Amino acid sequence: MKTSVMVFHPNIARSRINAALMERAQNEPELDLVVRDMYALYPDFHINVEEEQRVADGADRLVFQFPFYWYSAPALMKQWEDEVLSSGWAYGPDARIAGKRMMLAVSTGGLKDTYSVEGKHHAAMSELLLPYRIMTQYLGLEFEEPFIVHGAYAPDLDDGALAAVAQEYVARLH
Ligand SMILES: Cc1cc2nc3c(=O)[nH]c(=O)nc-3n(C[C@H](O)[C@H](O)[C@H](O)COP(=O)(O)O)c2cc1C
């Protein structure tokens with residue numbers, strides 16, 4: 001399966017989690033994927049819509065990888081959605097993306113148990129990610145179980161644990 005991994009991190013040079021996932025995915029020769037650093041491609045937010053649609057056309061699965069920012073994604077990812085998912089390509093009579101798979105890969109600062117109705121954030125990740133699930137449903141994409149890395153700053157997510165998480169990520173990308 002051809003996979004397009006789009007990494008939306010505003011400062012990948014200072015990232016620990018997303019940089020590790022990205023590097024691990026890029027160095028997995030058995031995977032048929034292209035990994036793209038979207039903020040490096042579009043630092044001024046001027047997205048090349050035709051190019052994005054061409055890349056997506058060539059993929060069976062789209063992966064949106066990003067750090068959770070204010071219960072959502074960094075701004076460039078929203079811009080990508082608003083511009084690239086256009087009428088006539090993403091939806092409407094001549095839509096072309098239906099049938100592809102879509103996966104979110106999200107890192108959070110919050111620990112896993114803080115994301116529940118009883119927890120600090122008063123909502124589960126499945127609730128907070130609902131707009132993406134509904135969007136993919138609307139577009140006729142298949143929403144895969146999100147890959148979530150919680151507790152970005154937790155002491156137990158040391159280098160060994162992060163390497164194991166990156167390995168799990170690669171397994172999900174197969
Ligand atoms: C602007 C901003 C907003 C954030 N909002 C959230 C949030 O809503 N929930 C959360 O759990 N973590 C939040 N965080 C923490 C990030 O998710 C965390 O720094 C990131 O996942 C770590 O990944 P990285 O090492 O790739 O940067 C936020 C961080 C920043 C800078």
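Modeller: Start with methionine 102. This is a predicted model, and in it methionine 102 counts as buried, because its relative accessibility is 1% and buried means under 20%. The residue sits in strand β4, which spans 101-107.

Now its surroundings. Set aside the neighbours within four places in sequence. Methionine 102 then touches Arg61, Leu62 and Phe64, among others. Its contacts also include Tyr132, Met135 and Thr136. Leu141, Glu142, Phe143 and Glu144 are on the list as well. Take the last of these. Methionine 102 and glutamate 144 are 42 residues apart in sequence. In space, their C-alpha atoms are 6.0 Å apart.

Threonine 136 is one of those contacts, and it belongs to helix α6. That helix covers 130-139. Threonine 136 counts as buried, since its relative accessibility is 1%. Beyond four places in sequence, threonine 136 touches Met102, Leu141 and Phe143. Leu141 and Phe143 are also contacts of methionine 102.

Phenylalanine 64 is another contact of methionine 102. Leaving out residues up to four places away in sequence, phenylalanine 64 touches Met6, Phe8, Met77 and Trp80, among others. Met102, Met103, Leu104 and Ala105 complete its list.

The model has one cavity of 30 Å³ or more. About 40 Å³ of space lies in the largest cavity. Its lining includes Met102, Phe64 and Leu62. Trp80, Leu85, Met135, Leu139 and Leu141 line it too. By class, that lining has eight nonpolar residues, with no polar and no charged ones. β3 and α6 each supply at least two of the lining residues.

Step back to the core. The largest nonpolar core has 32 residues. Phe8, Phe64, Phe66, Trp80, Leu104 and Tyr132 touch the most other members. Phe64 and Trp80 are also in the cavity lining. Which elements each supply at least two residues of this core? They are α2, β3 (61-67), α4 (75-84), β4 and α6. Of these, α4 gives the most, with four residues. There is also a second, separate core of 22 residues. Val5, Leu31, Leu33 and Leu157 are among its members.

Alanine 95 and leucine 139 are 44 residues apart in sequence. Their C-alpha atoms lie 8.5 Å apart in space. Alanine 95 is in the loop between α4 and β4. It counts as partly exposed, because its relative accessibility is 31%.

α6 and α5 (125-128) each supply at least two residues of the lining of the second largest pocket. That pocket holds about 210 Å³ of space. Its lining has 13 residues, and those nearest its centre are Met125, Ser126, Glu145, Pro146 and Ile148. By class, the lining has eight nonpolar, two polar and three charged residues.

The largest pocket holds about 260 Å³ of space. It is lined by 14 residues, with His9, Pro67, Ser107, Ala152 and Tyr153 closest to its centre. Six of the lining residues are nonpolar, six are polar and two are charged.

Two backbone angles deserve a check. Histidine 122 has a positive phi near 60°, and it is a residue other than glycine. It lies in the loop between β4 and α5. Histidine 122 counts as exposed, because its relative accessibility is 57%. Phenylalanine 45 also has a positive phi, about 70°, and is not a glycine. Its place is in the loop between α2 (38-41) and α3 (49-57). At 25% relative accessibility, phenylalanine 45 counts as partly exposed.

Last, the wider setting. An unreviewed UniProt entry annotates residues 1-173 as "domain: Flavodoxin-like fold". That span is 36% helix and 17% strand. Its end C-alpha atoms lie 9 Å apart.

Methods:
Residues numbered from 1 in each chain as written. Predicted model: local features only at pLDDT ≥ 70, side-chain atom pairs only at ≥ 80, totals over all residues. Heavy atoms only, no water. UniProt positions renumbered as here; feature names shortened; annotations may be inferred. 1 Å grid on protein atoms, 1.4 Å probe; cavity = no way out; pocket = protein on both sides within 12 Å on 5 of 7 lines; lining within 4 Å. Points joined across faces, edges and corners; volume = space filled by probe spheres on them. Nonpolar A, V, L, I, M, F, W, Y, C, P; charged D, E, K, R; others polar. Buried < 20%, exposed > 50% of the residue type's maximum accessible area, 1.4 Å probe, protein only. Core = buried A, V, L, I, M, F, W, Y, C linked by side-chain atoms within 4.5 Å. Contact = heavy atoms within 4.5 Å.
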